[in-house]
Protein chains: 2
Amino acid sequence: MRPFRLAMAQIDPTVGDLDGNTRKIVEYIDQARALQADLVAFPELAVTGYPPEDLLFKSQFIRANIARMKEIAAESRGIAVVVGFVDANPELRNAAAVAYDGQVVGVYHKMYLPNYGVFDEERYFKAGAVCPVYQIGATAVGVNICEDIWKPIGPTTVQRAQGGQVILNISGSPFYADRLGEREEMLAARATDNGVFVGYVNIVGGQDELVFDGASMVLGPDGNVVVQGSQFQEELVVADLDVERVSEPPPGSGERDLEDVGAAKRVDVSAPSSGSRPALPRREPIHYGGPGEVYSALVMGTRDYVGKAGFSKVLVALSGGIDSSLVATVAADALGPDNVVAVAMPSRYSSEGSLLDAKALSENLGIELRTIPIEESFAASLDTLAPHFKGTEPGLAEENLQSRLRGVLIMALSNKHDWLVLTTGNKSEMAVGYATIYGDTAGGYAVIKDVPKTLVYRLAEHRNSLSNNPVIPVSVLTKPPSAELRPDQKDEDSLPPYEVLDPILKAYVEDDRSFDEIVSEGFDEETVKRVITLVDRSEYKRRQAPPGIKITPRNFGRDRRMPIANRYRPF
Amino acid sequence: MRPFRLAMAQIDPTVGDLDGNTRKIVEYIDQARALQADLVAFPELAVTGYPPEDLLFKSQFIRANIARMKEIAAESRGIAVVVGFVDANPELRNAAAVAYDGQVVGVYHKMYLPNYGVFDEERYFKAGAVCPVYQIGATAVGVNICEDIWKPIGPTTVQRAQGGQVILNISGSPFYADRLGEREEMLAARATDNGVFVGYVNIVGGQDELVFDGASMVLGPDGNVVVQGSQFQEELVVADLDVERVSEPPPGSGERDLEDVGAAKRVDVSAPSSGSRPALPRREPIHYGGPGEVYSALVMGTRDYVGKAGFSKVLVALSGGIDSSLVATVAADALGPDNVVAVAMPSRYSSEGSLLDAKALSENLGIELRTIPIEESFAASLDTLAPHFKGTEPGLAEENLQSRLRGVLIMALSNKHDWLVLTTGNKSEMAVGYATIYGDTAGGYAVIKDVPKTLVYRLAEHRNSLSNNPVIPVSVLTKPPSAELRPDQKDEDSLPPYEVLDPILKAYVEDDRSFDEIVSEGFDEETVKRVITLVDRSEYKRRQAPPGIKITPRNFGRDRRMPIANRYRPF
């Protein structure tokens, strides 16, 4: 028997772009057909883009997505197609349509609806209860969706018990750093536990604060990877599966035990085909590790947000510091140097070195640098405010004033030329509120919002290591961080050193560790108190910050929903 | 037999303020004990405040809340106490503790967890499955929580079938306009369907974007209201219930049919008491209808947010227009005129009338008015930007620049004096993006963010009707709305008249009506297209806007979760 040729299209859909997504899906069907694949699979909610959020409450949108799904099914001449869409029967379902030869032959409804972290699927969908297996020629394929396959006892088990040889999981699994191994381990466990092939197709691309890394994969019954897709690029991942290696399920294996999981169902789809097929190209997937993986996520996230939001050019305010240097570099890598305009906005407190570093970086990147001093606006505003500041010492108000005037000037450029402003604050700053609301936080997209400061340095070093001459000037990496809003200001005047701050922040923000637990890890009690207080008091700033790319297990955004008016103090 | 004296404390807890909430609860227990009430009930999650959101993921917070619940139980000498808290057994539960004579005698777990609108309860809690009835002296009381009682067949039915005479529902039911009737109707249906007394105790007060209106009530088996609490103020609502009026449940009534709903359970709590008791004061509840109800919600929401966020004074930018006039008036009513500072920031395009109106309003309200012209900053910024604006026509960039410089100046005052900035944008503007991000949207709290422009007028008229001389100058209500950012600008140059815009916005934003449906209501097709496009394109602005008070069934905020990068066009 010839092997089962499974094609998986890890595509980058755009939320709401039903026409564009449909066109893209049909193109990949054609590619898969040209390879004489038996089946081509697309990710979770590929028709609508993911996550569609409250667009799902618009019945017009749901109807249009079902119409597109049918158009896609009509394109399934001679090939089975599995594609994610929203079913309405009449409750909304996160669904996979299975089509063959122009007909929808089955629909699977996702059974496990994630409602944690960034996910709100119980808000929208009703869970499915039936676990179908589709007979595609000589091969029995069980289809399920994302979260479903994370369950050791779940639809996969039921589908295996019915003779499923290939379990196909269509997914939309948001990226965070170093997640690939965890995912592969889980899929390998599912493959070996059930003795089946597992095909996993994931989205690539960015959508608001989420990035999807692709890295689709097929694993054999022995748990080994048969084929794997690249991270961070669209790809058709194809493998020939020797499904005869899959043994029969043990007779009556657990169909009774599994009643609670979901009902079994079998659908015959297509006759076995035969004949010779084009050989599959041998391709090495592009995977990344460590800082390179995060860097690539930032590049893809930035490119997609800018494009999907309808912009072509971006503006970055360059302070000469490490954060804005990294953001400008990511932007140039994402959009090309011609689409990045850097703006230096020196004040009376800016050092000569900062301006030189901004110039050197811009030259290295080949991006335009404009210099717009804020002195004139600053002096005028101070003069206007003088009667209202009388008798007070210069302080935070005067510092924030500079930052906000920079925000005003860069937004004026943005409005005038229709360039999107990328903000440059990192996660450590966002956490403790070491940022000026409507000042340096003003802009459309916050590229490194989820990157702790210590990782910002590692990303800069990583990027510098990719070329003989470092793109980011070495002095940017070696000078002490400073906001330069008053003479000789240093971040460490206000904050603990980042090597101390970042692990406390991870413990408190990402891991929900208690005050006592954090202190027991050896951190100074007063420092921990100060950091926690700063984090809690800055929630109002974060709530008004632009979206940015999630690269940790918990970002500031939909992932962490804290009250603003909040009197809880854990010490 | 003497009647059952039920006390319900509609309190205003603060999220996270475990100590403060506990103190408040104990004070109300003492008040209820002084009245010799048999039972005193507190709202849903009264110990933690509501909604605690992701504070619930902090195990230290959960442990502390359980400790406070036990302290409260210890205060239940001679009186039964029902209080909302978070149980952990080990999964988190939205729970009601029942205590008597210092002991916790039972814990109920909420069975229906709302996960729609502003609610995310499936994110946090596991649903309960047991429906206990507590024997308090001679009276059988079934306890359940909020959403539970909205189910015609639910815990109430099971508790009635076990002989429950009083069904006590502890609630945290967010306000929107004209909701009181709906709630009373539902509770009356529950009372008459089951032939029982229904006691419903709700939170009052504001928490971030939510306001709770209180209006707790007791209904008799005939569906009539026995007693009702006021809206928008803390109160101990007490009633003597003639529980002998409750007939026995039909023998074996549905215990079998109800197995699917939840398990029955009966707990004996206290011996019957006797003797004479202080008479209950007869009080008329303060309820509001129409614009008065919304106005009161805005006042309470503003007062609570400002106080709970730790501020005492607020700043309002007065343009002389209706929106800022209304916000300043609400602020003065909420905080007292001494705690409101108005700032007029005229530009070269401001009319003489605007400044006069701002002055008249400030005098009427008795609030301080500062005048800070933006000309100096505006001229300086234009000069700085001149090389970058060369060859372009004045337009949006120059208009937004003025608005953002106002944002800069008012935030400088805020930073200098620690006054919270209230923003003044209405829902119609927020919907279509007729606002300058980091400009007029800059501030901590957006008082009328959920109030459509046409309702802004009604609220102003309502407030003016409360005194002989109108507080808000009549000219403010009669002149055409204008942003005054260029000569002779009017809102209607850019937007449809508000009488047309607001119903289209309601249909699209609140009711999820399709394009065809909206057009079929008689609106001009091009106008509908334009409005929908404006709404969809402004999501990025809303995402960075401050929180504001929800007064409609769907506000911009947790209630409407739309993607920013979104290519869906419904026409």
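## Cavities

The largest cavity in this predicted model has a volume of about 890 Å³. A search of the whole structure finds nine cavities of 30 Å³ or more. The lining of the largest cavity is made up of 41 residues, and those closest to its centre are Glu53(A), Gly557(A), Arg558(A), Arg543(B) and Arg558(B).

Some helices supply at least two residues each to the lining of the largest cavity. They are helix 3 (121-124) and helix 18 (539-543) of chain A, together with helix 18 of chain B.

## Relation between the chains

Two copies of a chain are related by a rotation about an axis and a shift along it. Here, chain B is superposed on chain A by a rotation of 180° with 0.0 Å of shift along the axis, and the RMSD is 0.0 Å. The two copies are therefore related as by a two-fold rotation axis. In chain B, the C-alpha nearest the axis belongs to Gln544(B), 2.0 Å from it. Both copies use the same surface, since 100% of the contact residues of chain B recur in chain A.

## Asp559(B)

Asp559(B) lies in the segment after helix 18 (539-543) of chain B. With a relative accessible area of 4%, Asp559(B) is buried, because the cut-off for buried is under 20%. Its side chain makes a polar contact of 2.5 Å with the side chain of Lys550(B). The side chain of Asp559(B) also reaches the backbone nitrogen of Asn555(B), at 3.1 Å.

Residues up to four places away in sequence aside, Asp559(B) touches residues of both chains. From chain A these are Asp54(A) and Arg123(A). From chain B they are Gly117(B), Val118(B), Glu209(B), Lys550(B), Pro553(B) and Arg554(B).

## Helix 2 of chain B

Helix 2 of chain B covers residues 59-74, which is 16 residues. At 1.5 Å a residue the helix should span 22 Å, and the distance of 23 Å between its end C-alpha atoms agrees with this.

The buried residues of the helix are Gln60(B), Phe61(B), Ile62(B), Ala64(B), Asn65(B), Ile66(B), Arg68(B), Met69(B), Ile72(B) and Ala73(B). An α-helix has 3.6 residues a turn, so residues three or four places apart point the same way.

Ile410(A) is part of helix 10 (residues 396-417) of chain A. Its relative accessible area is 5%, so Ile410(A) is buried. The C-alpha atoms of Ile410(A) and Ala317(A) are separated by 7.5 Å, although the two residues are 93 residues apart along the chain. Not counting residues up to four places away in sequence, Ile410(A) touches Leu315(A), Val316(A), Ala317(A), Val343(A), Met345(A) and Val421(A).

Ala129(A) is in the loop between helix 3 and strand 6 (130-136) of chain A. With a relative accessibility of 47%, Ala129(A) counts as partly exposed. Lys110(A) is 19 residues from Ala129(A) in sequence, and their C-alpha atoms are 8.2 Å apart. Leaving aside neighbours within four places in sequence, Ala129(A) is in contact with Met111(A), Gly262(A) and Ala263(A).

Conventions: Residues are numbered from 1 along each chain as its sequence is written. Chains are lettered from A and ligands numbered from 1 in the order in which they are written. This is a predicted model: local features need pLDDT of at least 70, side-chain atom pairs count only at pLDDT 80 or more; totals for chains, interfaces and linings use all residues. Side-chain values use heavy atoms; hydrogens and water are left out. Helices (H or I, at least four residues) and strands (E, at least two) are DSSP runs, numbered from the N terminus. Buried means under 20% relative accessible area, exposed over 50%, partly exposed in between (1.4 Å probe, protein chains only). A polar contact is a pair of N or O atoms within 3.5 Å; within protein, one must be able to donate a hydrogen and the other to accept it, and residues adjacent in sequence count only if both atoms are side-chain atoms. Contact means heavy atoms within 4.5 Å. The expected span of a helix is 1.5 Å times one less than its number of residues. Copies are superposed by least squares on the C-alpha atoms of residues with pLDDT of at least 70 in both. On a 1 Å grid over the protein atoms alone, a cavity is a set of points where a 1.4 Å probe fits but cannot get out, and a pocket is an open set with protein on both sides within 12 Å along at least five of seven lines; lining residues have an atom within 4 Å of a point. Grid points are joined across faces, edges and corners, and a volume is the space filled by probe spheres set on the points.
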